[in-house]
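Subject: Structure handover

Hello,

Here is the structure I promised to pass on. My notes on it follow below.

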Amino acid sequence: MNLGIIKFLGFEQIFKNALTGLGIGGGKGGSDFDPQGRSDAEVMRFCQSFMTELHRHIGEYTDVPAGDIGVGSREIGYLFGQYRRITNRWEGGVLTGKSAGWGGSLIRPEATGYGNVLFAEAMLRERGEDLEGQTAVVSGSGNVAIYTIQKLTALGANPVTCSDSGGYVVDEKGIDLELLRQIKEVERGRVSDYAERRGASARYVPGGRVWDVPGDVALPSATQNELNTADAATLVRNGVKAVSEGANMPTTPEAVDLLQQAGVAFGPGKAANAGGVAVSALEMTQNAARTSWKADQVEDELARIMTDIHSTCAETAERYGAAGDYVTGANIAGFERVADAMLAQGVI
Ligand SMILES: NC(=O)C1=CN([C@@H]2O[C@H](COP(=O)(O)OP(=O)(O)OC[C@H]3O[C@@H](n4cnc5c(N)ncnc54)[C@H](OP(=O)(O)O)[C@@H]3O)[C@@H](O)[C@H]2O)C=CC1
Ligand SMILES: O=C(O)CCC(=O)C(=O)O
């Protein structure tokens, strides 16, 4: 679900959802409404109008929208409220990313970023390393980026950047997560505000390329096609060891080739950022059982799922003669699951 821009990520999402092994289908949708600069009331009215038509097409067993670019718990709340108003039904499983007080799952906001960091760590471990002490370059400052930064810090890495469509911040002391969350989640401000308030360790670079900042690992977490061939060449020159995609298709195909040819461990989004949709499925599980799990329980399950996705990709790549190539592993493993199900169900 994406209120900001229309995108078509159908196959990417179908393979991703298949890789979670949670029995969920896949799809993507959106609108061309730009929420930037709109008041809460305008966003609410847009969400209500959108759901007035959308409610005919969705359902717990049909198609389940969730958050994505420009859609967080505020928008899901407005959408869910309108769904209830129209249908007169409380159906938790019809939308995910709900707030924890009314049917949402703990750790869903964190899940995509946390999952991607776990995937990056798993790739590094294959090479006898981990995230401890590594400098990390992160793009974005929305839902995925914020919780990527949180998990990186928890695992001993030093995330030194964040960005938005106006520019990027580099903070040599490491991003101050509380300040970033205050600006982005509470004030809905810009990363330039972060640099102004953080003091001497941080500087704001308007425009520019966040990938110019040297780092051991890079986690693109903003938007499509944000890491091109020139950026990939810069990362390689600066000695990057792993790139793991929190965003959907942030790395251009040519940049992916360049990184892989240079021996960089590359985690494609359809595997690396699957933690978000996985916890959405866990949210539906909780809704169906009329229960809510503790944060630890969800996080343990997320870690198990990410480990499983990593090994599935690694083992599949090896089986097809492409050891260490997570792109090949994820594409073949995702395709196999979908194709096997289609053949078994007689769908041509
Ligand atoms: N939320 C989730 O659970 C999941 C999200 N994803 C993917 O992760 C990515 C980020 O999503 P999410 O964090 O939820 O979205 P948010 O809307 O919360 O944040 C998006 C971030 O990307 C920045 N951004 C947007 N366009 C550009 C641009 N052209 N150049 C630089 N920065 C830009 C935004 O800045 P600005 O405010 O200036 O627009 C903002 O900081 C997307 O690709 C999404 O599809 C993938 C799996 C799950
Ligand atoms: O939570 C979901 O169902 C979808 C998350 C998402 O936007 C994605 O996987 O691209």
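**Strand pairing**

S163 stands opposite Y168, a residue of β4. The model is predicted: local features need pLDDT of at least 70, side-chain atom pairs count only at pLDDT 80 or more, and totals for chains, interfaces and linings use all residues. Residues are numbered from 1 along each chain as its sequence is written, while chains are lettered from A and ligands numbered from 1 in the order in which they are written.

Helices (H or I, at least four residues) and strands (E, at least two) are DSSP runs, numbered from the N terminus. Two strands pair if DSSP finds at least two bridges between them.

β3 and β4 are antiparallel, with four bridges. They make a hairpin, with two residues between the strands. β4 also runs antiparallel to β5 (residues 202-206), and five bridges join them. There, G167 has P206 of β5 as its bridge partner. How much of β4 is buried? Four of the five residues in this strand (167-171) are. Buried means 20 or more other C-beta atoms within 10 Å of the residue's own; exposed means 12 or fewer; partly exposed lies in between; C-beta atoms are placed from the backbone.

There is also an open sheet of five strands with parallel pairing, in the order β2-β1-β6-β7-β8. Its edge strands, β2 (158-159) and β8 (265-267), each pair on one side only. β6 (residues 217-219) and β7 (residues 242-244) pair in parallel over two bridges. In that pair, A218 stands opposite V243 of β7.

**The two ligands**

A residue is near a molecule if its C-beta atom, placed from the backbone, lies within 6 Å of it. Ligand 1 has 24 residues around it. G142, D164, S165, A247 and G276 come nearest. α5 (143-154) and β3 (161-164) each supply at least two residues of this shell. The largest share is that of α5, with three residues. By class, the shell holds five nonpolar, 16 polar and three charged residues. Ala, Val, Leu, Ile, Met, Phe, Trp, Tyr, Cys and Pro count as nonpolar; Asp, Glu, Lys and Arg as charged; the others, Gly among them, as polar.

Which residues surround ligand 2? They are Q13, K16, A66, D68, T96, N248, G276, V277 and S280. Two are nonpolar, five polar and two charged. α1 (10-20) and α11 (275-288) each give at least two residues to this shell. α11 gives the most, three.

**A helix pair**

The axes of α2 (residues 40-54) and α3 (residues 73-87) come within 8 Å and cross at roughly 45°. Axes are lines fitted to C-alpha atoms, for helices over the stretch in contact, and angles run from 0 to 180 degrees between N-to-C directions. α2 and α3 are therefore oblique to each other. Angles under 35 degrees count as roughly parallel, over 145 as roughly antiparallel, 65 to 115 as roughly perpendicular and the rest as oblique. The crossing of α2 and α3 is right-handed, meaning that the near helix is turned clockwise from the far one by less than a right angle.

**Two backbone points to check**

Most residues other than glycine have a negative phi. R188, not a glycine, has a positive phi of about 55°. R188 lies in the loop between α6 (177-186) and α7 (191-198). R188 counts as exposed because 11 C-beta neighbours lie inside 10 Å. R290 also has a positive phi, near 50°. R290 is in the loop between α11 and α12 (295-319). With 8 other C-beta atoms within 10 Å, R290 is exposed.

Best wishes
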